[in-house]
Amino acid sequence: MSAVLARLSRERLLLFGLLLILLLAGIGWLGPFLVDTRLAEIGATRARRPPDMLHWLGTDTQGRDVLAALVKATPKTLEIGLLAGLIGLSIGGTLGLLAGYLRGGVDALIRTLADIAMTIPAIAVLVLVATNVRTMTVEAMALIVAGLAWMYPTRAIRAQTLSLRELAYVDVARLNGIGGLQLVVTELLPNLAPYFAASFVTAVSSAMLATVGLEALGLGPQNELTLGMMLYWAQYYGAVLRGMWWWWTPPVAAIALIFIGLLSASAGMDRLLNARTRTEG
Amino acid sequence: MATYVLRRLALMLLVILMAMTVNFFLPRAMPGDPVEQQLQQLSAGGGQTGDLAATAASMRTRLGLDQPLWRQYLIYLANSARLDLGVSIANYPQPVIDAIRAGLPWTVGLLGISTLISFSLGTLLGGLMAWPRSGWLVRLIGVPVIMISAVPYFVLGVVLLASFAIAWPIFPVGGGYPFSFLPRADWQTLWLIAYHGTLPALSIVLASIGTWAVAMRGMVVGVLGEDYITLAEAKGLSPRRIFLAYGLRNALLPQVTHLALTLSHVVSGAILVEVIFAYPGIGYRLYQAIQAKDVFVVQGIVLLLSVSIAVTTFLLDLIYPLIDPRIGSGRR
């Protein structure tokens with residue numbers, strides 16, 4: 001455990017990314033102590049006020065306190081991303097394992113499926129699904145977005161499974177009479193864990209990107225407050241054109257920080273994995 | 001070579017068929033009757049009263065919705081192949097294909113030019129970043145550019161809009177050309193279009209340049225470890241020559257592959273940039289159609305996006321063997 005921690009502390013990029021995400025998640029935990037989140041309701045307070053002592057980040061045209069909205073929206077956005085990433089990883093990981101372990105026809109089928117899904121523009125399918133869903137909820141959103149966050153995990157896990165299954169210890173296990181599912185669970189999965197972690201970050205990242213994009217098009221959960229929806233309403237009511245900078249800058253900054261955090265985490269993770277393969281291979 | 005091309009062609013057709021199938025079945029799998037919904041929408045707008053059920057029945061017949069599903073599917077496929085994508089509901093009776101035709105040149109122009117710029121600049125930057133001899137300036141530019149590439153295109157677009165069109169108004173806030181202007185085929189029109197396209201293009205370029213740079217950097221680092229680089233150095237070739245002709249050139253192929261793989265990502269991003277700048281391309285029209293619940297236009301644009309990306313990917317696949325003869329020679 002301490003070796004893992006020591007290695008982690010050396011990966012500053014990964015640490016920076018994870019800390020940034022944690023910090024943003026912290027807004028959700030600590031924010032309610034600073035600001036009354038009931039002010040995030042429509043008409044809760046006076047509309048169109050620039051920042052002052054009462055409303056630190058001002059209010060929007062619908063009478064919402066921007067800070068309160070931010071406090072509610074940031075964890076919600078992260079929740080969608082993590083949920084979708086988790087679903088995407090489960091689908092992608094399973095498919096990748098199946099393709100890499102079974103090979104042959106199954107592999108060809110799964111690979112073709114992933115290739116096709118990667119060619120079709122995510123936003124197009126998402127738009128199609130989202131326009132046909134009656135009322136959008138956070139969970140439905142996560143599910144829809146996850147439908148397009150499984151390809152990269154599939155490819156990554158498949159490639160690793162293919163190379164792992166050729167290793168000597170897998171042969172030894174097989175000679176010992178361990179086969180099928182048990183082999184996959186006890187021998188392959190533990191060694192794939194770091195790749196699952198890396199794929200998870202990528203899946204969350206692409207899920208988050210799709211979510212924010214859908215929300216910006218106005219296809220997000222209308223009754224929930226997420227960063228993308230905040231930005232959508234700001235855009236809808238022309239906050240930028242009317243010079244209401246206090247309204248659109250907080251969600252833009254929060255979104256930018258989330259993605260910078262995810263990019264750093266993913267780059268750091270790659271570096272960690274490469275260091276691993278370098279020392280072991 | 002023939003098998004390679006045939007295989008790619010088959011994949012492209014498969015993607016297009018999949019896109020059409022999803023486009024056809026998805027709305028039909030959803031609960032609710034689209035005909036009644038739309039009639040209610042229309043009658044709410046026009047204050048129409050009368051026998052809704054009878055109207056619905058005649059509309060169903062007219063739309064061919066009374067036919068069995070497999071037949072509807074075949075008819076849909078045939079119609080799509082003839083570019084008959086139905087008519088717009090919001091701008092009745094404008095055919096969907098006309099709406100797409102009006103927006104397409106804008107999107108292709110914006111996306112083509114900005115991708116070309118960002119791909120070239122990003123590839124060069126990435127190559128320089130991997131090159132041990134490049135100076136501090138490259139490193140200084142590299143980090144922020146990569147950081148910016150993490151941010152979604154349209155979020156960057158919002159920031160650029162607020163900075164260079166509102167706070168410091170040197171660029172227009174949106175549109176393809178001024179509202180009261182009638183586009184002609186002259187230099188002034190071209191200038192105005194370029195002027196209005198600068199900020200949207202800048203958003204796409206700035207937001208994607210880092211992606212290319214990161215990919216290229218990794219590739220060049222790999223190439224620089226190869227034996228032929230050491231040999232070139234031993235032969236005493238100039239560092240410039242080694243970098244351009246040995247380093248960059250060999251890293252370029254995987255970079256083109258990368259372009260093909262991220263194309264759909266770039267298109268998705270550019271669509272949203274158009275929304276921010278009210279740019280009259282496909283993306284903005286999609287946004288308007290979603291706002292107006294104009295299902296057929298939404299479906300048409302979605303289909304067009306999938307098909308055009310499939311075709312572009314296929315064309316890029318055809319270019320590979322020209323750059324690298326190893327591809328398509330049977331060994332994959």
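Colleague: Please take chain B, and above all the side of chain B that touches chain A. Which helices supply that side, and what packs against the buried residues of helix 1 and covers those of helix 11?

Modeller: Happy to! Keep in mind that this is a predicted model. From the N terminus on, the elements of chain B run α-α-α-α-α-α-α-α-α-α-α-α, which gives 12 helices and zero strands. Along the principal axes, the C-alpha atoms of chain B fill a box of roughly 90 × 55 × 40 Å. Of its 332 residues, 35% count as buried. Among contacts in chain B between residues at least 6 apart in sequence, 73% join residues at least 24 apart.

Now to the side you asked about. Here 42 residues of chain B are in contact with 35 residues of chain A. At least two residues each come from helix 1 (2–29), helix 6 (136–150), helix 7 (153–167), helix 10 (239–276), helix 11 (282–291) and helix 12 (295–323) of chain B. Helix 1 of chain B gives the most, with nine residues. By type, the residues on this side of chain B divide into 35 nonpolar, seven polar and no charged.

Let us stay with helix 1 of chain B for a moment. Its 28 residues should span 40 Å at 1.5 Å a residue, and the end C-alpha atoms are 39 Å apart, so the two figures agree. The buried residues of this helix are Met12(B), Val15(B), Ile16(B), Ala19(B) and Asn23(B). The buried residues of helix 1 of chain B pack against helix 4 (104–119) and helix 5 (122–132) of chain A, together with helix 12 of chain B.

Helix 11 of chain B also supplies residues to the side that touches chain A. Eight of its 10 residues are buried, so helix 11 is largely enclosed by the rest of the structure. Those buried residues are Ile282(B), Gly283(B), Tyr284(B), Arg285(B), Leu286(B), Tyr287(B), Ala289(B) and Ile290(B). What covers them includes helix 5 of chain A, along with helix 5 (96–130), helix 10 and helix 12 of chain B. If you follow the chain onward, helix 11 of chain B is followed by Lys293(B), which has a positive phi, near 50°.

Key
Residues are numbered from 1 along each chain as its sequence is written. Chains are lettered from A and ligands numbered from 1 in the order in which they are written. This is a predicted model: local features need pLDDT of at least 70, side-chain atom pairs count only at pLDDT 80 or more; totals for chains, interfaces and linings use all residues. Two residues are in contact if their C-beta atoms, placed from the backbone, lie within 7 Å. Helices (H or I, at least four residues) and strands (E, at least two) are DSSP runs, numbered from the N terminus. Ala, Val, Leu, Ile, Met, Phe, Trp, Tyr, Cys and Pro count as nonpolar, Asp, Glu, Lys and Arg as charged, and the others, Gly among them, as polar. A residue is buried if 20 or more other C-beta atoms lie within 10 Å of its own, exposed if 12 or fewer, and partly exposed in between; C-beta atoms are placed from the backbone. The expected span of a helix is 1.5 Å times one less than its number of residues.
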